[in-house]
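I opened the model to look at its strands and how they pair. My notes follow in the order I took them.

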Amino acid sequence: MAVHRVHRLRDLAELKALSDRRTHLPGFDHVSEDGEIVAARRDAVRILSADGETRERDTVIVPSDDEIADKRGYESFMLKEIHEQPHAVGETIARNVHDGALNLERVGGLELADVRRVVIVACGTAYHTGLVGRYLIEEWAGVPCDVEVASEWRYRRPLIEAGTLVVGISQSGETADTLAGLRLARQCGAPTLAMTNSPGSQITREVDSVLYTHAGIEIGVAATKTFTSQLALMCQFALRLAELRETLGELEREALMAELRSLPQKMISTLGRQGDVVDIAARHHDKPFFFYLGRHAGLPVCLEGALKLKEISYIPTEAYAAGEMKHGPIALLDDQTPVVAVATDSHVADKLASNLQEVRARGAQVIAVATEGADAIVDVADDVLWVPRTSPLLQPVLAAIPLQLLAYHIAQLRGLDVDQPRNLAKSVTVE
């Protein structure tokens, strides 16, 4: 077989020229399957079986935009993508709705109304989405939900009973461990559902049903708009499950849907009121260790916020359930430890406030993300980053934004490359 030299695209003009020409390259937009060979020449692309026979494929159109490789005035792709979140979440909500509800009634041979258990498998940021989803699914739909780290679950012998739905979440749709987890689920006879931002990716070809986020291409390695879009899609999924199982009253479900649709505007408001983040980052960017605390649905947001700080600033960071603090981690606190708390509205807000009082008694400085109007938090925090009021279980979509910005500005002040942090890749396609 002839080997063709591949040249690196030198600039955006060359990239656009290739994009403009691609309609003249038969097979260029076609999807290959496992075990197939792609023969690429200057004027054509052919897909072949292992024995050399030509395979025909339907064209898969992946929406794109000439501006995706342009920072559009922002100092980094990550900052641009943080500010694109209201649009990304709005698109995800709007494009997955049919007749006022998520367009999903069954997965494989399982009606959603008959789901008895949900298992979510994911990695990294997508795993944190799953942790929020557990609260949504159990609270709204009344269905037990387990969330598993895919790299661990794939090597267990999972117990899959009738009525179990396995959901895999992957931004890229190519995450090796998540794909392996879904294959294991299918071997066990479970119907599988994927949530991804990537049409035509491997995950879409290996599951019974697919739900897409519509965040657009994300260039920054650290996930931002793909995370909040996943959260919005998970909210839609949980509400649809609740609707089909009739576990929420119609008025309550409609009120939650209205709150969900209002999130993009509230995200714009959140982005516009984070001026204090720069000052907070300036005071703490040189600290050697950060500690994140949360309860209930705020805990997964803490885990994600801590991950962002680790990814792009390289600062050792611990994230913990606030109620577990006295079981060891409180020994880490001193007057040089910033403690970041997600203290948005919840039925455990008083419990968290008590935890923060203990933190301050050890000399640590508290940075709280809180719901506007919850003025009591001022008594237990040194700094407060406010987010608009919404339903408590929707707060994670808003609370993630100040934590993304905090990590971003700390990394910038440390002189680091926020778009391409060391040792990391956008998609983890190997173990």
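**Strand pairing and burial**

I started with strand E8 (residues 117–122) and looked for its neighbours; six bridges join E8 to strand E10 (residues 164–170), and the two run parallel. The model is a predicted one, so I read the positions below as computed.

Next I asked how many residues of E8 are buried. I counted six of the six, so E8 is largely enclosed by the rest of the structure. I took buried as under 20% relative accessible area.

I also sorted the side chains of E8 by face. In a regular strand, side chains alternate between the two faces of the sheet. On one side of E8 I listed Arg117, Val119 and Val121, and on the other Val118, Ile120 and Ala122; all are buried, so both faces are covered.

Last, I turned to strand E1 (residues 37–40) and strand E2 (residues 45–48). They pair in the antiparallel sense over four bridges. I found Ala40 bridged to Val45 in E2.

Key. Residues numbered from 1 in each chain as written. Predicted model: local features only at pLDDT ≥ 70, side-chain atom pairs only at ≥ 80, totals over all residues. Heavy atoms only, no water. Buried < 20%, exposed > 50% of the residue type's maximum accessible area, 1.4 Å probe, protein only. Pairing = 2+ DSSP bridges.
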